[in-house]
Amino acid sequence: MENMATEHTGLAPETAVVQSWPGRERGHRTLNVPLYLSSVWEARDLGEMASLFTRDPDRGFYTRFGHPTIRMAEEKLATLEGAEDALLFASGMAAITTSLLAVLRSGDHVVAHRSIFGQTIEFLDLLADRFGVRVSFVDATDPAQVERAMRPETRVVYLESPSNPVIDIQDIRAVSALTRRHGALLFVDSTFAGPLIQRPVELGADLSLQSASKSLAGHADLLAGSAAGAKALIAKIREMRVLIGPTLDPHACFLLLRGMQTLALRVRAQCANAWSVAQLLEASPLVETVRHPFLASHPGSAVARRQMSLGGSMVSFALKGGIESTRRFIDALEWIPLASSLGHLSTTVEVPEELDFAAEELGERTAAFQLPSGLIRVSVGAEAEDDVLREMRRGLAAVEAHLRAAEPAAEGAGAAPVEVAA
């Protein structure tokens with residue numbers, strides 16, 4: 001996907017995220033968006049109070065209805081996403097759940113990719129169990145499977161590309177053509193890419209969802225979520241946000257705005273490091289499988305290169321020897337932390353198999369999908385490339401030592417020896 005200038009400002013995204021904010025047009029002359037530390041605004045009279053209660057997000061009234069700092073951030077985010085409008089929420093899951101609740105009714109049907117964030121699957125299960133929304137999980141990397149699952153009552157097709165944690169790639173443009181023919185909405189969780197790498201709305205999606213806690217914020221110091229799309233859809237989701245109240249805290253919004261200013265610098269450094277990590281892992285005989293969107297070995301690499309301008313900062317891989325090799329790898333790391341979340345300046349590793357909610361990802365509705373044993377998800381940061389690669393090699397060396405030590409026992413039992421690096 002070409003890095004095109006934004007429709008809203010005429011500026012490239014890298015410039016828009018630093019320079020473009022609508023407060024200047026409203027008479028504010030500060031270089032940074034102001035932080036308004038108030039949850040309530042005074043009305044001049046009863047008539048103005050009534051007009052403020054119409055939930056105009058551009059005017060102050062009460063923060064659950066709208067807040068100027070949050071609104072300015074939403075307008076900047078809409079520019080980055082190439083969308084007509086955008087909303088911010090208290091977390092990524094708040095963005096996902098509020099958006100789905102805004103459009104789904106009992107009897108509606110959802111088609112979702114089978115390998116998505118575990119707690120998104122949990123929420124879809126909750127909608128099915130308690131609210132009469134039917135859900136079909138399919139391998140959406142094959143658009144034909146999506147089309148076969150469509151019904152007259154299908155309201156939403158839900159993709160996550162690249163997906164968490166196995167980095168599946170779905171063809172957003174191809175699936176959007178299907179949803180338009182069937183009169184359904186296409187929601188895309190694009191957290192693993194972000195709006196400087198992939199803009200789902202420009203590829204035909206109705207809604208682009210982000211966990212803004214990740215690369216948009218970039219510093220592991222806040223929770224936030226976002227949804228971007230057409231004005232009419234965003235207005236409907238805004239009404240649901242007002243009702244259930246997952247409003248982003250204005251101070252967290254101020255930190256998000258600050259993080260967004262360095263988005264382009266961080267993302268480019270992270271993507272460059274991630275590409276080096278992916279190539280290192282793919283060349284190692286100790287690695288069973290490795291996933292990065294731009295590796296030629298990835299089955300979705302051609303699609304990824306069409307719809308993503310960079311390969312992203314996420315790499316997942318599985319080692320020979322399964323979960324025991326994974327433990328040796330993790331234990332050998334000296335400075336890369338074992339930590340949840342992703343997209344931050346610092347490199348982190350996570351093992352989805354060891355998380356409590358990972359079991360939800362492997363239930364009956366995803367019976368055809370299994371995580372590789374001991375899968376490691378790496379969120380590659382912006383540290384010096386040599387340091388990151390040295391740390392990866394340190395982990396691989398520990399795995400090699402473990403597998404060599406296990407060879408005599410395996411040979412004594414009649415098993416073939418494990419091939420390791422020389």
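How many aromatic pairs does a search of the whole structure find? In this predicted model, the search returns two.

The pair formed by Y62 and F65 has ring centres 6.5 Å apart. The planes of these two rings meet at 55 degrees, so the arrangement is classed as tilted; an edge-to-face label would require planes over 60 degrees apart. The two partners can also be described by their accessibility. Y62 is partly exposed, its relative accessible area being 36%, whereas F65 has a relative accessibility of 6% and counts as buried.

The other pair brings F317 and F329 together, with 5.4 Å between the ring centres. Here the planes stand at 75 degrees, so this pair is edge-to-face. Where do the two residues lie? F317 belongs to strand β9, which covers residues 314–319, and F329 to helix α12, which covers residues 322–332. The pair therefore ties together parts of the chain that are twelve residues apart in sequence. Both partners are hidden from solvent by the accessibility criterion: F317 is buried at a relative accessible area of 0%, and F329 likewise counts as buried at 0%.

The charged end of R241 is placed over the ring of F89, at 5.9 Å from the ring centre. In the case of F294, R305 lies over the face of the ring, and 4.3 Å separates it from the ring centre.

Notes
Residues are numbered from 1 along each chain as its sequence is written. This is a predicted model: local features need pLDDT of at least 70, side-chain atom pairs count only at pLDDT 80 or more; totals for chains, interfaces and linings use all residues. Side-chain values use heavy atoms; hydrogens and water are left out. Rings of Phe, Tyr and Trp (its six-membered ring) pair if their centres lie within 6.5 Å; planes under 30 degrees apart count as stacked, over 60 as edge-to-face and the rest as tilted. Buried means under 20% relative accessible area, exposed over 50%, partly exposed in between (1.4 Å probe, protein chains only). Helices (H or I, at least four residues) and strands (E, at least two) are DSSP runs, numbered from the N terminus. A charge sits over a ring if NZ of Lys or CZ of Arg is within 6 Å of the ring centre and within 35 degrees of the ring normal.
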